[in-house]
Amino acid sequence: MTSPERRNFIWQIGTAAVAVLGVQSAWSTLRYARAPVSYGPTRRRPLGQASRFPRGSVVFVADAGVFVSRDSAGIRAMSATCTHLGCTVRAQADGGFVCPCHGSRYDKSGVVLSGPAPAPLPFLRVQRDRGGRLQADLDVPVPADQRTDVG
Amino acid sequence: MRAVLSSLVLHVHAPKVRPASLRLRATWALGLISVVLLGLLTMTGIYLMFYYFPHPDAAWRSMKDLAFVVPFGRVTRNLHRWTAHGMVALVTLHMIRVYLTGGYKRPREANWVAGVALGVLTLALSFTGYLLPWDQLAYWAVTVGANMAAAVPWLGQPLRLLLLGDMSVGEAALLRFYVLHCVVLPVAIFGLLAFHLFRVRKDGGLVVGQHAAAQIGTTTESSKLIPAWPHLIYRELVVAGLTTAAFLALALLLDAPLEPQADPTRTPNPAKAPWYFLGIQELAHSSAFWGGVFVPAATVLGLMVLPYLDTSEQGLGLYYPRQRRVAIHIFLAGVAFFVGVTVIGTWFRGPAWQWMWWPY
Amino acid sequence: MIPRHEAWLHWLFAGSMVALVALVGLAMWQERERPAQVAQRVIAPLGVVDRCELCHDADQHPGKILDSHPPDRFGCTPCHGGQGYATTRKAAHDRSPDWQQPLKTPSERLVACASCHQGSSPPEQADVAAGRQAFARLGCAGCHPTTGAARPDFAPDLSGLSDQVTPGWLRMWLQTPQKLDPRHRMPTFALQTDQIEALVAMLLERAGPKLLALPAHSGDADRGQQAVAQLRCATCHRIDGRGGNVGPDLSIAGSKLPAAWLYSWLMDARRLRPATPMPKFCIAEEQAIDIVAYIREQCVPDSGTTPWQEREGPVEPALAEKGRQLFGELGCSGCHPLAGKRAEVAGITLDNFGERRVEDLPVPTRGPVAADLAAWVAQKVLKPDAFDRPGQPRTRMPLLPDVSPKLAWQLGLAVASLRAPPPPPWLRQDTPAGPAMPNGKTAEIVERFQCLTCHQLGKAGGEVARVPLTGVGSRLQGPWLERFLQSPVTVRMNQGERMPVFGITAPEAQRLVHWLQSTQADARIEAVQTGQGDAQRGKWLYDKLFCDACHVLGGQGRMEGPNLDDVGQRLQPQYIQAIFELGADVVPEGRHPRVRIEAASARDLTAYLLALPAAATAAQGL
């Protein structure tokens, strides 16, 4: 016959294990909830061949969410995502941009003119991929005067 | 806390129970284990739903993701799969135990019928869950199953259309099976389970016959009853812990199979249903209607009307009482028949459902 | 609230809970090495999710293949096999119960290329190309119906041979055709003597069209030989090891063909066989008789065939019937028509053969077990009977003539690359090297206006229009091209109006221009470096180079070349500059002279021409 103290001790081990199990489960659940893969569009968005952007034009590439402009020095891509709450801005006839959600206005180089937007629209790095097509990197902002030479 | 717990628990159990109910060989805890497995299935099922897309393009891919990139994804899926198999087996064993001890007799007829329905729901949950991985096994097992349903006279084709939502297994069927598996059938099984447990208590707990009463001092006198807590509930906790540990160990040890992605243009040879349907498939091999519809339907109906036909009240609570030997032999013969065809279908049928002398 | 209870229950409780903690801990331990982010390439149209770059670096890929097959569009596993989803070495590379496509063998990789490149093979695929050629040359499709492979049409019609072939020759031929004609492509069927007799009886049962009566006198073999030389028979026929391949080898014809048939054939071959490529020679009876004599006497193989004999008595109908049955069973009718008709084919279809797994195919009773599909096919081709099993019917597959192990393997590659579904069309599009054909709505527009009837696009299209569409995206400016498509103007004055007014709407024009600009680029023009130029100096250069000798500008100059008044709106700057730097090479029709000037001067000229609309307007204002 086991003594009451011993029984008591075993019971405590059991309940302690239940507590540990609770912590383990919570931690595992949190880890389970974040799978380290993404099926969304990659942050590097294809823009197509350079010839798609005639000199002096501003082209909206919807799949990439950027405005691509080309001048004699090369190509640059400006994010079309409003810095306020992430809506996609629209180009205006005067060359500026306006956000349809809360009316933020930007000039043609992305500087905030009015509205709640806290920061100018960033310019993004443009590179060529192996096949010679251009791609914009949504995670890499570059200075407004940096252009990618496309010849 | 304690009040909440005890009021929850004591809605299920009477505050005081007979000591005879606590003996392991009274029930072998088969019903309890089934409930524990249902709980595990619900939990793992909810986890899996976070990563599962019910669409042919993505369903199989989510299986691969669970296996390779989701932390604990593989063990979650394994646990769900093996627990599902386990539940089918445990529910069947539970039913056999209840039959052997005469638990279906007055006043428990209604509960027996509910139990049979719960068994059918368990199989339906297995069947609908089987399609969701969208691999070759799933696709063709369900194709075979749906075509068996089509053998029902008159209603066959409409039934098949209702089940699949289309002429063949496709994205409509996948969505339907998903909704059935994750919403409709779980709600049904939990509702019916509540009724089942309620009836257990209402009908006076476990069946205990005269013999058992004489042997182990069964009585309904309240002075001889013992409190459900801790005597019963503590035991139940232990059984739940052991069951979970056993199935978790199995899930860590054995990976759930996953065949290549479903390909409607290529039928694997042989196309086999899950093991618990292979008996039916073996019977359906000789005749889609007789084997695939008549025998299963007659079995379920026969089981349901059984308590209203066999009304003798002798030998209850014992496993092999002299008074019920004929009934038990008939029943065991039926069980042996189903086990036999299942074994044949599982191991002795090869490509093109040809007889194989060597286990396949 | 410690339950007062038996000790064993406490033990079980604590034990089960500790076991659970340990098991969950084990699961957590198994998770310890999971990377924070799994890099993957998802190529949705191919159903590919590749995580190979967890360990492998695509930049280190040898060769230049990734330039034309960038991994972000093709992934890794379409070429390499293996399980792209896997994140462990073993699961990614090996076969497992839930993954049946392990890494591809080198020849499976060749097959992977070929199953997309179904048409022409790139140079790296010489083995596949050789296999496909052999597949057609050997007439495999005669027995194995295969989508895209026509049934062979080179085998002669075998109805009515009794006047044409001798039984002795036919016996020998059926045994091993190559004994009589070493270069012939007829396969060897390993026939038993009684089978040969039955086939001979069947083939010689009937006569063909009635033969001409042989003149009474006999010819002279020497004069016949001269006539054969004069008529240049060797252009099409081989004689003594030299000559063409169009007709059969004449060196062995003497043992096969009787004089009367030869004579009739020489006089009018079409009467005997309407579809023959043999021309009708206008030769005199005398000459024909001489040629017949030459062939009958001189053109007999050394291998001891019996020369032609008269018929060996009447043919037994029962034997002929047996022969007819055999003819069908052996699949002779796959290649040889009978009275213009061909029966069902004998062998299995090879469509989708590449989708099969070598494990599912029969294992040879002798020889090694093939590692991949190509090796299996090679084995079957080289030793057809290696797969025969005692107690089962023998294979009907004949032994193909003169197939080396290498050729057999090449045939295997060709067969293993037969696979459905065909590769998605976009796989071959938008490659910088070749011009892209339109798809979707653009294709509809191009189809409606039949652009390619007149315009060239890559190797397709007509040559009516002087401007090919290839590279046009780098030459013309978008807005101008849109206007031009809607209402065409004449650019080259001296050539008159060319482009019809189709009534292309603005959205259609927009779509066409977008397609041309995004796909029809000229890499040479795109590579030209543009920059600021001096328009004043450009004007000076324009005059100095006598551009007005061909071009009209502001009403001045000759209309030899295009009008330059609106060139600044019409042409892209780098194209104008490319004309000066690269000259005629980049100009359609290649008519522009190569102007040898420095890059700076080219920039100046370009600046001048680009500024022209303003200049022209200013001139008009004056």
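**Ground rules.** I worked with a predicted model, where local features need pLDDT of at least 70, side-chain atom pairs count only at pLDDT 80 or more, and totals for chains, interfaces and linings use all residues. Residues are numbered from 1 along each chain as written, chains are lettered from A and ligands numbered from 1 in written order, and side-chain values use heavy atoms, without hydrogens and water.

**Interface of B and C.** I looked up the contact (heavy atoms within 4.5 Å) and found 25 residues from chain B and 34 residues from chain C. The buried area (accessible area, 1.4 Å probe, lost on putting two parts together, summed over both) is about 2700 Å², with 70% from carbon and sulfur atoms. On the chain B side, F68(B), Y234(B) and L252(B) supply 25% of the area buried against chain C, more than any other three residues.

I then checked for salt bridges (Lys or Arg side-chain nitrogen within 4 Å of an Asp or Glu carboxyl oxygen), and the rule finds one across this interface. R51(C) and D65(B) form a salt bridge, at 2.5 Å from N to O.

**Cysteines.** Next came disulfides (cysteine sulfur atoms within 2.5 Å); the structure holds one over all chains. C87(A) is joined to C101(A), S to S 1.9 Å, and the link is left-handed, with -95 degrees about the S-S bond.

I also looked at C335(C): its sulfur is 5.8 Å from the closest cysteine sulfur, in C143(C), which is too far for a bond.
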